[in-house]
Amino acid sequence: MATVQLDQVNRKFNQVTAIEDITFKIPDGEFWVLVGPSGCGKSTILRSVAGLETVTSGQVFIGDRLVNDVPARQRDVAMVFQNYALYPHMSVRENIAFGLEMRKVDRNMIQERVLTVARSLSLEHLLDRKPKQLSGGQQQRVALGRAIARQPQLFLMDEPLSNLDAQLRDDTRAELKQLHQQLGITTIYVTHDQIEAMTLADKIVVLNRGRIQQIGDPQTVYASPANEMVATFVGNPPMNILAAIYKGENFDINGQILAIPSDVQTKLNLNPGQNVNLGIRPEHIHITPDLSSLVVEVKVVEPLGRETLIRASLPSSSTLLNIQVPGGMRLHPGEKLNLQLDLSQLFIFDHN
Ligand code: ADP
């Protein structure tokens, strides 16, 4: 097990800066998740730690060791990718044992470790099968097993569940969490899946355009996003953003007036006439009979069982608001709704 530290790491590909000024330190045994839109630099960070990428500047430490010039195979890390990359001609047993045999570990020890790993991943009954005789989920468990068997000091996982179907994905995610609790091996995990990030992470690192936007535990990042990018990226359905003009006692949202309760007014540090972006999470918007409230038109109704997701637009605006209502509620496209926004839960961002 090990700490991982990146200190002002940059990676440029000709003119393209893939990652810039990346600095963080992962304590021993923690599970960190890198999230951000496609192309924001997640894989480049992972590959820089793995040694598959040479950094342009900055320092990468695994434990106390500066590894910038250490080849990948000497870094004692195990990677798991979305494509399982198993050896097709080898059995499950041989696939799991492969890394150990390369290291010339004692035969009995290998047998024992393969069995222990297979047991922890419920693969015992599949040890003599070839990869093509396994389901996708089983293959991914074998890939995990191969990584675990090596007992590396660090796991690096790049979207390891993204090729699995929904149910398997949920199950494997829970297994991963349990495994981490048992083994306590420091892990860096890349995903664009909100649920994986929220449920697995000790800390989330939110990236955008190669730069760190925020590092924090999932709940903190959700409740106190550092900026609009983080606010709209973390959370599903995403936070709503409404362009507004601050008028002192109210906000003007596309011509509609939203009164600001006096206790909220005192907390706002805004100048009358200022353009702002208001951020409000779907769970803080409620349908109200109050006709003086914000009026929207229902555009899309998506029943999800326990709740229904509504997408609604402000009159003469293309902005769509995400609203969550109880599952039993019957709403139809074209219907007008009055909305109450819980302004005690409002975020204010610079207008861009
Ligand atoms: P992510 O994993 O978040 O999708 P990447 O780390 O793969 O992002 O990529 C970050 C940026 O670096 C992107 O703009 C990508 O096009 C660029 N990039 C990554 N690898 C290379 C490469 N080998 N050559 C040129 N550009 C690259």
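How many bridges join strand E3 (residues 31-35) to E8? Four bridges do, and the two strands run parallel. Strands (E, at least two residues) and helices (H or I, at least four) are DSSP runs, numbered from the N terminus. Two strands pair if DSSP finds at least two bridges between them.

The model is predicted: local features need pLDDT of at least 70, side-chain atom pairs count only at pLDDT 80 or more, and totals for chains, interfaces and linings use all residues. Residues are numbered from 1 along each chain as its sequence is written.

The domain assignment gives domain 1 (4-233) and domain 2 (240-350). Such bounds come from an automatic or database domain assignment. The centres of domain 1 and domain 2, taken over C-alpha atoms, are separated by 39 Å. Contact between the domains involves four residues of domain 1 and five residues of domain 2. Two residues are in contact if their C-beta atoms, placed from the backbone, lie within 7 Å. The side of domain 1 that touches domain 2 has one nonpolar, two polar and one charged residues. Here Ala, Val, Leu, Ile, Met, Phe, Trp, Tyr, Cys and Pro count as nonpolar, Asp, Glu, Lys and Arg as charged, and the others, Gly among them, as polar.

An unreviewed UniProt entry annotates residues 4-234 as "domain: ABC transporter". UniProt positions are given in the numbering used here, feature names are shortened, and annotations may be inferred rather than shown by experiment. The span 4-234 is 37% helix and 26% strand, and its end C-alpha atoms lie 24 Å apart.

Strand E8 (residues 187-190) is covered on both faces. Thr187 and Tyr189 are buried on one side, Ile188 and Val190 on the other. A residue is buried if 20 or more other C-beta atoms lie within 10 Å of its own, exposed if 12 or fewer, and partly exposed in between; C-beta atoms are placed from the backbone. Thr187 is the bridge partner of Phe31. Thr187 also stands opposite Phe155.

Strand E7 (residues 154-158) is joined to E8 by four bridges, again in parallel. Within this pairing, Asp158 has Val190 as its bridge partner. Strand E6 (residues 77-80) pairs with E7 in the parallel sense over four bridges. There, Val80 is partnered by Met157. Five of the five residues of E7 are buried, so E7 is largely enclosed by the rest of the structure. Leu154, Leu156 and Asp158 lie on one side, Phe155 and Met157 on the other.

The shell around the ligand contains Phe13, Val16, Ala18, Gly36, Ser38, Gly39, Cys40, Gly41, Lys42, Ser43 and Thr44. H1 supplies the largest share, three residues. By class, the shell divides into four nonpolar, six polar and one charged.

The peptide bond from Asn236 to Pro237 is cis, with omega near 0 degrees. Pro237 is found between helix H8 (228-233) and strand E11 (240-246). Asn14 is not a glycine, yet has a positive phi of about 50 degrees. Asn14 sits in the loop between strand E1 (4-13) and E2. It is exposed, with 5 other C-beta atoms within 10 Å. Glu159, also not a glycine, has a positive phi of about 50 degrees. Its loop runs between E7 and helix H5 (166-183). Glu159 is partly exposed, with 19 other C-beta atoms within 10 Å.

Conventions
A residue is near a molecule or strand if its C-beta atom, placed from the backbone, lies within 6 Å of it.
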